[in-house]
Amino acid sequence: MVRPVDSERPFRPAWWLPGAHLQTIVPNLSLWKRRPMLRRERITLPDDDFLSLDWAPDPGGPVVLLLHGLGGSSRSAYAVSLLRALHAHGFWAGVMHFRGAGGEPNRKLRGYHMAEADDPREVVMQLRRRYPRRLVAAVGVSLGGSALLHALARDGGETLLDCAVAVSVPYRLPIAERCLNRGVARLYQRRILEEMKRQWRRKCRVLARLDLCSGLDEMRSFRQFDARITAPIHGFADADDYYERASSIHVLGDIRVPTLLIHAANDPFMTPDGLPAPEDLPEQVVLECHRSGGHVGFLERAGRRYLARRIPAFLSQHLQRDHDRR
């Protein structure tokens, strides 16, 4: 049984975290609670590659798949917070690590990117076959939210999920790239890029392809990494082609499952003019845009995380409704 959650209280940002950057940095560096005990499962993919899932304990409720952001994992602060909150409200939650993430280099050259819909869909299909009587939802954060939106749009009316939430998605990647190349935001790019490089080096060692690491140390931007690695490996002509085709703004209109989009107008990864307009959103998709919150921050005045309150509330509402219909 999913426990009810108070969804009526609006988000009130912590007064002691003014501006976009403090709301982004502090919540994502602070692990105020220990991680729940997680069980790792390896999922075999159709091309004989694999990825890993980290599962929290199963309280018997609906399954919720959490898709991490670029360079993230089940150790990310937002993932720890959401795993604990979802478990506390009766959901069985697990983090899906994209290929090469989670500390395990995968077997193939292929990795993950902003429009990676195949692997989330495959994992959900396996979960559906394994647990045919359980409802299944997904929550995607940043890159994971972008990948989730692409997966939902590909399914259209035959969606595999019962509902979904996407947080702090960079809907227009050309705008996001410009944002991350100016001011303080360059520090976020540097930090994430270093993790991407570490993942790529581990993969090159596993594949015995150290030649593919040539020039890696000189890369200083996402564009350089995407032009050399992400785009050619995943079938894009170049970085510009990748940024345009992988921008989730183009696919929102094809989504037919109840989906909540949570965003902050001061997100340093995206300017407000890059957000979806009302005409971009189908009836089933709702954009909740707050004046503050940063990028995957949303720390409230009492030091609580808004996402850990709002997301279980949305899932409870829609999954309970689906359960009652069944």
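This is a predicted model: local features need pLDDT of at least 70, side-chain atom pairs count only at pLDDT 80 or more; totals for chains, interfaces and linings use all residues.
A charge sits over a ring if NZ of Lys or CZ of Arg is within 6 Å of the ring centre and within 35 degrees of the ring normal. Residues are numbered from 1 along each chain as its sequence is written, and side-chain values use heavy atoms, with hydrogens and water left out.

**Exercise 1.** Find which ring the charged end of Arg42 sits over.

*Solution.* Start at Arg42 and look for a ring centre: the one of Phe50 is 3.7 Å away, with the charged end over that ring. Now try Arg134: Arg134 lies over the face of Tyr131, 5.7 Å from the ring centre.

**Exercise 2.** Work out the order of the strands in the open sheet and name its edges.

*Solution.* Strands here are DSSP runs (E, at least two residues), helices are runs of H or I with at least four, and both are numbered from the N terminus. Two strands pair if DSSP finds at least two bridges between them. Step one: follow the eight strands, and you get 1-2-4-3-5-6-7-8, with mixed pairing. Step two: check the ends, where strand 1 (39-44) and strand 8 (285-290) each pair on one side only. Step three: zoom in on strand 1, which runs antiparallel to strand 2 (residues 50-55) and is joined to it by six bridges. Here Ile43 stands opposite Leu51 in strand 2.

**Exercise 3.** Classify the aromatic pairs that Phe11 makes with Phe298 and Tyr306.

*Solution.* Rings of Phe, Tyr and Trp (its six-membered ring) pair if their centres lie within 6.5 Å; planes under 30 degrees apart are stacked, over 60 edge-to-face, and the rest tilted. The whole structure has nine such pairs. Take Phe11 and Phe298: centres 5.5 Å apart and planes at 65 degrees, so call this pair edge-to-face. Phe11 lies before helix 1 (19-29) and Phe298 in the loop between strand 8 and helix 9 (306-325), so the pair ties together parts 287 residues apart in sequence. Next, Phe11 and Tyr306: 5.1 Å centre to centre with 45 degrees between the planes makes a tilted pair. That one links Phe11 to Tyr306 in helix 9, 295 residues away. Put together, Phe11, Phe298 and Tyr306 form one aromatic cluster.

**Exercise 4.** Decide whether Phe11 and Tyr306 are buried or exposed.

*Solution.* Buried means under 20% relative accessible area, exposed over 50%, partly exposed in between (1.4 Å probe, protein chains only). Phe11 has 9%, so Phe11 is buried. Tyr306 has 3%, so Tyr306 counts as buried too.
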